[in-house]
Amino acid sequence: MGEGFLRRSLTYNARLHSETRMLDHAQRILKDVFGYDAFRGHQAAIIDRVAKGGDVLVLMPTGGGKSLCFQVPALMRDGLAVVVSPLIALMEDQVATLDELGVAAVALNSTLSNDEQRDIADRIRRGEIKMLYLAPERLVQPRMLGFLQNLDIALFAIDEAHCVSQWGHDFRPEYLQLGQLAELFPEVPRIALTATADMRTREEIVQRLHLQNAERFLSSFDRPNIFYRIVAKDSPRKQLLSFLTERRGDAGIVYCLSRKKVDEVAAFLSEQGYPALPYHAGLPSDLRAYHQKRFLNEEGLIMVATIAFGMGIDKPNVRFVAHLDLPKSLEAYYQETGRAGRDGLPADAWMAYGLQDVLLLKQMLNNSEGDERHKRIEQHKLDAMLALCEEIRCRRQALLAYFDEELPQPCGHCDICVDGVQTWDATEPARQALSAIYRSGQRYGVGHLVDLLLGRDNEKVRAAGHQHLSVFGMGKALSEGEWRTLFRQLVARGLADVDLDGFGGLRLTDACRPLLRGEVSLQLRRDLSTKAPKPAASAASQLVRGEEREQWEALRALRRKLAEEHSVPPYVIFPDATLLEMLRSKPGTLAEMARVSGVGARKLERYGEAFLDVLNGGADAAPAPRAVADLRHELVSLARAGMTPAQIARQLDCTEKNVYSLLAEAISEQQLSLEQALDLPEEMLGAVQDAFLDGEGELPSVAEVAEMLGGKVPEGVLHCVRAALQAEFES
Ligand code: ADP
Ligand code: ZN
């Protein structure tokens, strides 16, 4: 199938004469093959340089459009383009995408049999393949290098080039060997690409890959479509749920620090009716791979993960990244949040952060191996992360400033720009807090210190004789929550520190002296109370609204069906942005369809008609699954009318399990009462409620209660009762 394309591309080549021809050529490939109208940012200049045979270093943020920078010149030049990529998942994704575009691309990897590999080699020799993806260790095998030296090579592209840097976190020793390409293939242009911005990594790439003569293209690292929000953590699960309510059906990633927490949060979300899968290094590798595949292929799935989940996630329509724990540096925060919104459509970066995070990370740092210098660097990075959390300027300005980029105006697209921030003079209370730390001997944790300040006469206080301290009961002007916030901020600002022994005791630092001596004052930001009116949903959930919804779902259903037929992720058929443009511009003919951004010749031919049919309400289109919101609306009416779950399931043509989970949702949002939803015998209801309310603290999970009750009560019922209890607590 690549042949036709190759022939065409050769004739393009023959017609090349001048500069303008070169750009024309690139433009035509952009439109014909990729279906896009214009290059973005530095793309045109980069492509021009590589097409002419020059070396290039590309620094561009995630979602900036790095792939086109080597894919277009690959199609402009004669010969085979060789692309080095660190992960099989990344290669497969790109090959599938190119395949759909009608470009002959293959990935050589260890999963192929010898026969398959030989077959690919033959096709390459016959010039039937335009792009070859492989891992660095494979490329530098002497046999492979020898094989390539006998071929006409269009270019070498080195993707994720920061993997060559020992300074960064993705170091791959195999990348070091790629330096030899410069000597072995002096005539072949090389293009190295990365989304890692810092100066040091940049210099290491140039050195180690011998790119001294490469032209550098540095883009802004701003991700304007991401909305940043950082909230003070009080009840993280509840806060996460309320963040997710407006994002039902969106794909996203929830990051947690520990494997245990990943498992728990994934189970919790599933229970709450959000399809979620866990991902961490403790899971068997085939299960991990399976979860990753599902995340790529399905829509609206949430991946709950440790940072083990990340590189290789090229899914463009990740609509949010939520952090339930604090990343240990701004580099990590930027990279992790950067996995949202690669497609350029609105996306959210949300984080809940609290004192425990600070204590935990500080302790991990204290206990980590490594020399003092290393620890100091890590400490410095953590401080920068904490500063962003307690920031009182625009988050985006602060974030970019850390990467040496100046944003002249506040962005208008982060929590601080939108909600504003309140500060208060915390000088006096801060002194009291520091004095409480000092007078109690610099060994107690925040809980005890707060008790002291509030004058709580409890056992621990009395055992230590702390009721006699001068600070005892001195802090009644603030609430417990306010004191906790204050302690968090003192630690975040380095005015107090965590004990080295790892028990979470606080001690003073040198930095707090001026404050204690009354030489400086202290302004702190106020946490937004969670009781405050919920800020307006960010744009992500507003992609498609109202009457557009039905057609949007129909387009997505068709895309899903085609994706399954072709065994590729849905976004490989068309990205969301393309579907959205179809929805808005409503092409009526194939010619109009061709004008939609993202519809190239090949896809027009393959899919144009089918999508036109859906847009024009054609009968052949896949039936639109009912939008969940509509379904629930109907369900609420039926339940209020007194139907049982079984009856509702029949009426709505869905499973009883689904009915129960929708009922639970409606209950937790107080659209239904438990009595309206279910007709339970008094006794059973009592027993179930008792089981949930047995312990202290958070409600036990449905699974736990199911076990307690010996499986006698259906889980669906438990979900509903739990939702009712939770709704009661919240109101
Ligand atoms: P990166 O590798 O830099 O993270 P990608 O190459 O995956 O980014 O591109 C991100 C998205 O933007 C892809 O869906 C891609 O098709 C799209 N894209 C890239 N360049 C253009 C362009 N010039 N016009 C429209 N869409 C583009
Ligand atoms: Zn801002």
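Which ligand has an oxygen atom 2.5 Å from a polar side-chain atom of Arg342? I looked, and it is ligand 1.

**Entry 1: ground rules.** I'm working with a predicted model, where local features need pLDDT of at least 70, side-chain atom pairs count only at pLDDT 80 or more, and totals for chains, interfaces and linings use all residues. Residues are numbered from 1 along each chain as its sequence is written, chains are lettered from A and ligands numbered from 1 in the order in which they are written, and side-chain values use heavy atoms, with hydrogens and water left out.

**Entry 2: ligand 1.** I listed the 14 residues around ligand 1, and Tyr36, Gly63, Lys66, Ser67 and Arg342 come nearest. To be near, a residue needs a heavy atom within 4 Å of the molecule or strand in question. Then I went through polar contacts (pairs of N or O atoms within 3.5 Å; within protein, one must be able to donate a hydrogen and the other to accept it, and residues adjacent in sequence count only if both atoms are side-chain atoms). Lys66 has a polar side-chain atom 2.8 Å from an oxygen atom of ligand 1. Ala38 uses its backbone instead: an N or O atom there lies 2.8 Å from a nitrogen atom of the ligand.

**Entry 3: the zinc ion.** Which atoms hold ligand 2? I found four SG atoms, from Cys394, Cys411, Cys414 and Cys417, at 2.3 to 2.4 Å from the zinc ion. Donors are N, O and S atoms within 2.8 Å of the metal (3.2 Å for Na, K and Ca), and water is not among the atoms, so sites may look incomplete. Along the chain the donors follow the spacing C-x16-C-x2-C-x2-C. The 4 donor atoms subtend angles of 100 to 118°, so I wrote down "tetrahedral" (four donors with all angles between 85 and 135 degrees). I also checked exposure: buried means under 20% relative accessible area, exposed over 50%, partly exposed in between (1.4 Å probe, protein chains only). Cys411 is partly exposed at 24%, and Cys417 is partly exposed at 29%.

**Entry 4: ring pairs.** My search of the whole structure turned up 12 aromatic pairs. Rings of Phe, Tyr and Trp (its six-membered ring) pair if their centres lie within 6.5 Å; planes under 30 degrees apart are stacked, over 60 edge-to-face, and the rest tilted. The ring centres of Tyr228 and Tyr333 are 6.3 Å apart with planes at 40°, so that pair is tilted. Tyr228 sits in strand β8 and Tyr333 in helix α15, so this one links distant parts of the chain, 105 residues apart. Helices (H or I, at least four residues) and strands (E, at least two) are DSSP runs, numbered from the N terminus. Tyr228 is buried at 3%, and Tyr333 is buried at 1%.

Next came Phe295 and Phe309: centres 5.6 Å apart, planes at 80°, so edge-to-face. Phe295 is in helix α14 and Phe309 in the loop between β11 and β12, so the pair ties together parts 14 residues apart in sequence. Both Phe295 and Phe309 are buried. I also noted one aromatic cluster, formed by Phe221, Tyr334, Tyr402 and Phe403.

**Entry 5: charges over rings.** Here NZ of Lys or CZ of Arg must be within 6 Å of the ring centre and within 35 degrees of the ring normal. Arg237 has its charged end over the ring of Phe268, 4.9 Å from the centre. Arg248 lies over the face of Tyr274, with 4.0 Å to the ring centre.

Note on methods
Four donors count as tetrahedral if all angles lie between 85 and 135 degrees; four count as square planar and six as octahedral if opposite donors are over 155 degrees apart and all others between 65 and 115; anything else is irregular.
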